[in-house]
Structure formats: C-alpha cells, structure tokens
Amino acid sequence: MTSDTPSSLAEALATGAVVLDGGMSNQLESAGHDLSDELWSARLLAERPEAITEAHLAYYEAGADVAITSSYQATFEGFAGRGIGREKAAELLSLSVELAREAARQAQAKGVTRPLWVAASVGPYGAMLADGSEYRGRYGLSVDELERFHRPRLEVLAAARPDVLALETVPDADEAAALLRAVRGLGVPAWLSYSVDGGRTRAGQPLEEAFGLAAEVDEVIAVGVNCCAPEDVEGAVRTAVRVTGKPVVVYPNSGEAWDAQARAWAGRSTFTSAQVTGWRGAGARLIGGCCRVGPAAIAGIAGVLRG
C-alpha cells in the first residue's frame, strides 16, 4: 500500500469517486441459481456459499471497488422460518462478510491492485416479510420496535468487521431513524440509502426530511438512493448534497420494470454512461447499480469514473 492509497472507504470517498458493485440476485441467477425463495440470495449462504464468492469476484474483476454482501434478506426471523436457530443464523450473517472478503483476496491474487472494500448489507424490515412492503414502508411499527428488530443483526454484522454497513433500500424515514439509532456505538461506519419515487421516499416523505435525519450522524459516511429508476437519481443527489454535505451513494436499477403478476422484468434498460457522468457532476461519489445491473454495466461505470 503506497502513501497515497486511502486507508478507509471514508477517505477514498473524500478524495474521489468509488465504484460500487451491481445486483447480487441477477448475477446469481445468470449463473443458474434458483432464487425463488423468501430468503432470496440469503438462502445460498447456507446452501451454496461458493456461488456468492463467485458473484462478488465477478464484480471486483469488472472494476467494482466495493462489494455489498448477500445479507440483505438475512434476518434472525427469516432464518427461523426455515428452521435455522439464532446461533447458526449469526454464523451465516458473519459468513456473508467473509465471502466478500474471500472474493477480494481472490481478485487480488488475480492481479487486482486497487483497494477493495466490503459493505455489509442491511435491508429494511419489509425485506424479511417478502411481500413487497419493502417498497412501501409504513409497516405499522414504531421507531422503537424497528430499532429492536434491526439492532441484533447489525451487532453481528459489525462484529464481522466489514468496512461499512450498507443501510439500503430504506423506504421510510421512520425506519431510517430506527437504523440510525441502531448503528450508534457499533464502531463501524455506515451509509444510508433510500428507495425513492421521484423526490420522495417510497413511503411518501420529502427527501429533504429523509436525508436530514443523517446530516449530523457521525457514523454515516454517505447518504443516497438505490433500487430506484435511473431517472430519479440526479435530483436526489443534489438534494442529498444540499441537505447533508456528505458524500452521496447511488445505485439504481437498470430502468426495467418488475411485473409482479408475471414475476418477470419488462421494458428496456435506461441505465447509461451519460447518466453516470451527470450523477458524478451533481455530487455522487459512490456509484454502482442494483437490480438488473450486472458486471458489464459496472465495467462501464468504472470506465467513466476512472476516465
């Protein structure tokens, strides 16, 4: 490591743009894995962990600097529904971080020389329900109840020592408030990323209000949006910069739409390199993709950001 190599992700974000990975589920599905399960990609933590390492490796080799773990839908409650006890569930949560670390080691053994980071995914409460409520919020739970749900999982993930906790696809400012309480004192930085519709959270709160919750939280090193339409990103970036002054993270979907009845994606991708340039110009510093954004698109982002 040279003297000008950033020692942390926060330092890397302070000095330039950083490339995030793409969708875990689409990469696993493209490799032939069936994810038609309420645990989604988290099921493979128990059944095919090597497949998760391979997916992370594909993104590192494509140019990603940061890999997001497969723990988005991994919760004690969700695992319990499959007969997996708390001790084993905690092991699987920790494993999600180790698999991403192993992919980084393999990438570096293959000649990747840049710093590689691991973000431990923390999905919203609705992801555990697997009923689409993660895109609506408003679960009928108090902030205190949501904090009690998230804190044990956050503690386990933090103990696995990721570089950052990715509080992601958050649909509701109330849930964001709970997550921001829960990360205090864990000793691991976090980013907070909302799922949005236009200039509001999925639950309908103005983004000024939603981003403002994180403005004075020292643990939060970046705020932004993910799992949204590419067209919704630039306005959100400008709002996040104005409200918080923090680096901004963005990783939208491809632009295709999910047809819930057909259980299939429809339409065409609207994700372009020109948009990436605009997002960076607006203030985004950590840029990648979410659903339906694969290694080829991440390689394109890396090309734009590294110029």
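Residues are numbered from 1 along each chain as its sequence is written, and side-chain values use heavy atoms, leaving out hydrogens and water. As this is a predicted model, local features need pLDDT of at least 70 and side-chain atom pairs count only at pLDDT 80 or more, while totals for chains, interfaces and linings use all residues.

**View 1. Lys110 pairs up with Glu61 in a salt bridge (a side-chain nitrogen of Lys or Arg within 4 Å of a carboxyl oxygen of Asp or Glu).** Their closest N and O atoms sit 3.5 Å apart. The pair links distant parts of the chain, 49 residues apart: Lys110 is in the loop between α6 (86-109) and β3 (117-122), and Glu61 is in helix α4 (residues 49-62). Helices here are DSSP runs of H or I, at least four residues, and strands are runs of E, at least two, numbered from the N terminus. Lys110 is exposed at 57% relative accessibility, while Glu61 is partly exposed at 45%. (Buried is under 20% relative accessible area, exposed over 50%, partly exposed in between, with a 1.4 Å probe and protein chains only.)

**View 2. Arg242 and Glu208 form a salt bridge, with 3.6 Å between the closest N and O atoms.** Arg242 belongs to helix α11 (residues 233-244) and Glu208 to helix α10 (residues 207-212), so this pair ties together parts 34 residues apart in sequence. Arg242 counts as exposed at 58%; Glu208, at 39%, is partly exposed.

**View 3. Arg238 meets Glu234 in a salt bridge, 2.9 Å from N to O.** They're 4 residues apart in helix α11, which means about one helical turn separates them.
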